[in-house]
Amino acid sequence: MPQRVIESLDEMQALAGQEIGLSDWIEVTQPMIDAFAETTRDRQWIHTDRERAAAESPFGTTIAHGFLTLSLISHLQSQAVAVRGARMGINYGLNRVRFPAPVRSGARIRGRFTLQSVEPINGGLQAVVAATVEVEGSSKPALAAEWVLRYYR
């Protein structure tokens, strides 16, 4: 998908309530899952033990950590949307996060971003973005989050 370019913070204000971007599909590989498990020290077998996951889990294979999926929204959003006219942008936090469906090892995901609201803050804007991570072939998203970002002039 082509990246959407928002040329200014003024333009961003005018986009409140609209979908602002859709990323390309990326594959969530077992090496990514394993690296995340090592980094976070969350080595639960549903993420790292292929044989046991195939035999015992309801998913039939290993699955990505929900927090791995969450951590990928920055990358997915950077593929989907570029905001110009800001000196810097920061991740201010999350209001809500849910993981409705698993991301199986080898699945492809993409991010869909809707600008829910924009409000002025000292030196810039605060944007609340509905971030949804879709799993190819699944009717349920892997992630639904309300993401708060701040952009400074």
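**Close-up views of a predicted model**

**View A. The neighbours of glutamine 126.** Leaving aside residues up to four places away in sequence, glutamine 126 touches Tyr92, Ser117, Val118, Glu119, Ile121, Val148, Leu149 and Arg150. Please keep in mind that this is a predicted model. To find the residue, look in strand S7, which spans residues 124–135. Glutamine 126 has a relative accessible area of 13%, and it counts as buried because that value is under the 20% cut-off.

**View B. A polar contact made by glutamine 126.** Zooming in on one of those neighbours, we see the side chain of glutamine 126 in a polar contact with the side chain of arginine 150, at 2.7 Å.

**View C. The two sides of helix H2.** Here you can pick out the buried residues of H2: Gln30, Ile33, Phe36 and Ala37. They lie on the same side of H2 because they cover an arc of only 125° around the axis. As for packing partners, the buried residues of H2 pack against H3, helix H4 (50–56) and helix H5 (66–71).

View D. Is arginine 41 buried or exposed? Arginine 41 has 67% relative accessibility, so it counts as exposed, the cut-off being over 50%.

Methods:
Residues are numbered from 1 along each chain as its sequence is written. This is a predicted model: local features need pLDDT of at least 70, side-chain atom pairs count only at pLDDT 80 or more; totals for chains, interfaces and linings use all residues. Side-chain values use heavy atoms; hydrogens and water are left out. Helices (H or I, at least four residues) and strands (E, at least two) are DSSP runs, numbered from the N terminus. Buried means under 20% relative accessible area, exposed over 50%, partly exposed in between (1.4 Å probe, protein chains only). A polar contact is a pair of N or O atoms within 3.5 Å; within protein, one must be able to donate a hydrogen and the other to accept it, and residues adjacent in sequence count only if both atoms are side-chain atoms. Contact means heavy atoms within 4.5 Å. The arc is that of the directions from the helix axis to the C-beta atoms.
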